[in-house]
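User: Hi! Could you walk me through the bonds and charged pairs in this protein model?

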Amino acid sequence: MTNMSEINTTRQQRFPIGASITHAALAADPYPVYARLRAAEPVSFVPAHNIYFVTRYDLCRDVLVDDETFNVGFERSPVLDILGPHMMSTEGLVARAYKHAHRRPFMPAAIRATLEPKILVEANRLTAGFADLDAVELRSAFAGRLPVLVMLDLFGLPREDEAAFRRWYDDFEQALANTVWDEPVRQRGKVAVASFHTHMQSAIDRHRTSPSRGTLLSELVHAPEAERLTDAEIRHNAAIVFFGGIATVEALILNTVYALSAHPNTLDKVRGSKEALPAAIDETIRWLGPVQTAHRCVTRDTELAGVPLARGDVVAAVLGAANHDPDVFPNPERFDPARNGERHLGFAIGPHLCLGMHLARAEGRLAIEALLARWPRCHMDPARPAVPHGAEFRQPKSLWLIRE
């Protein structure tokens with residue numbers, strides 16, 4: 001019988017590029033790595049992560065839309081391991097029921113009518129806090145705070161919870177990006193999730209006796225009996241909604257500011273016309289995506305681009321690689337908001353298309369508008385350069401802005 005050592009040796013011989021990839025290289029600058037894989041090994045086993053990387057646009061799309069062959073609920077999924085069962089770690093009727101229960105406030109009409117005015121008020125309040133400064137670290141002062149406050153308002157939780165949720169989110173992020181399964185990182189994530197659940201259960205109990213009209217948590221708690229989720233289901237899904245609502249938006253704000261600052265002509269267009277901003281945001285998602293991969297487990301023996309995959313194998317549809325596929329996006333390394341950026345896979349596709357994608361776009365747009373209204377001539381500080389980083393979730397860890 002073939003042992004694991006022989007299997008790994010065979011994989012390394014068949015996928016020499018995948019075998020050479022390190023986590024550090026992906027975290028530092030993944031796009032040259034993706035290009036090498038896409039050209040020679042579009043489906044490649046990467047021992048550093050113990051999974052298959054899928055890097056071609058068409059193949060990533062095939063994986064994401066085929067939830068019968070590639071699904072999300074599997075033992076080696078950090079998303080399931082840390083956050084438990086929820087809309088992004090279950091399949092079929094269960095996942096659809098979870099999404100349906102949360103869908104209303106994330107629809108475009110509801111966002112425009114209810115959330116956009118609140119986002120703009122919050123963004124203006126935060127930017128007013130550094131109106132008299134000459135320099136500001138954008139993540140800590142703005143990009144890392146706005147999405148937390150928006151999520152608290154959406155769920156009907158008090159502003160005073162901001163610091164706790166920010167602390168839990170930071171541990172969530174590290175644990176969900178922990179594809180190398182570092183045990184201390186995993187345990188910190190689990191401790192943070194346990195604290196989150198305790199806090200959310202108290203909030204559920206409050207909303208059960210004292211509903212807060214128009215808030216998502218009250219809607220969930222007081223849903224018709226036939227549609228009502230259990231308290232545990234509400235807590236588990238709240239964890240992934242909070243995480244997505246914070247992680248994606250924080251990175252989107254920072255990455256868009258980074259991209260615009262690195263491309264002054266585009267920044268000038270955005271300064272001159274708000275109408276230019278949505279295309280710049282979508283191109284940012286393609287060019288410097290906040291989320292780089294979507295993991296799936298193979299449910300039955302299959303083949304992808306000539307590579308046999310066995311039941312139980314784990315594949316990563318590498319969204320960042322798909323979004324730089326030159327067969328779909330000519331000159332992919334060029335930041336070009338004029339291209340048809342809506343074809344990108346930054347929010348995935350198929351059954352697990354991101355629930356919050358419309359909110360993320362709206363929140364990113366309103367955040368940048370508020371920032372430029374407060375500091376119309378701001379740009380990145382060349383003395384403190386921002387550096388995007390991360391193999392799983394990618395953004396500058398700090399971004400200093402100065403104003404002219």
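Analyst: Here are some questions and answers on cysteines and salt bridges. This is a predicted model, where local features need pLDDT of at least 70, side-chain atom pairs count only at pLDDT 80 or more, and totals for chains, interfaces and linings use all residues. Residues are numbered from 1 along each chain as its sequence is written, and side-chain values use heavy atoms, with hydrogens and water left out.

User: How many disulfides are there?

Analyst: A disulfide is a pair of cysteine sulfur atoms within 2.5 Å. For Cys60, the closest cysteine sulfur belongs to Cys297 and is 17 Å away, which is too far for a bond. The count of disulfides is zero.

User: How many salt bridges does a search of the whole structure find?

Analyst: A salt bridge puts a side-chain nitrogen of Lys or Arg within 4 Å of a carboxyl oxygen of Asp or Glu. One of them joins Arg365 to Glu116, with the closest N and O atoms 2.9 Å apart. For the whole structure, the search gives 24.

User: How far apart in sequence are the parts that Arg365 and Glu116 tie together?

Analyst: Helices here are DSSP runs (H or I, at least four residues), numbered from the N terminus. Arg365 sits in helix 18 (residues 357-374) and Glu116 in helix 8 (residues 108-128), so the parts they tie together are separated in sequence by 249 residues.

User: Are Glu369 and Arg365 buried or exposed?

Analyst: Their side chains meet in a salt bridge at 3.8 Å, N to O. Buried means under 20% relative accessible area, exposed over 50%, and partly exposed in between (1.4 Å probe, protein chains only). Both Glu369 and Arg365 are buried.

Methods. Helices (H or I, at least four residues) and strands (E, at least two) are DSSP runs, numbered from the N terminus.
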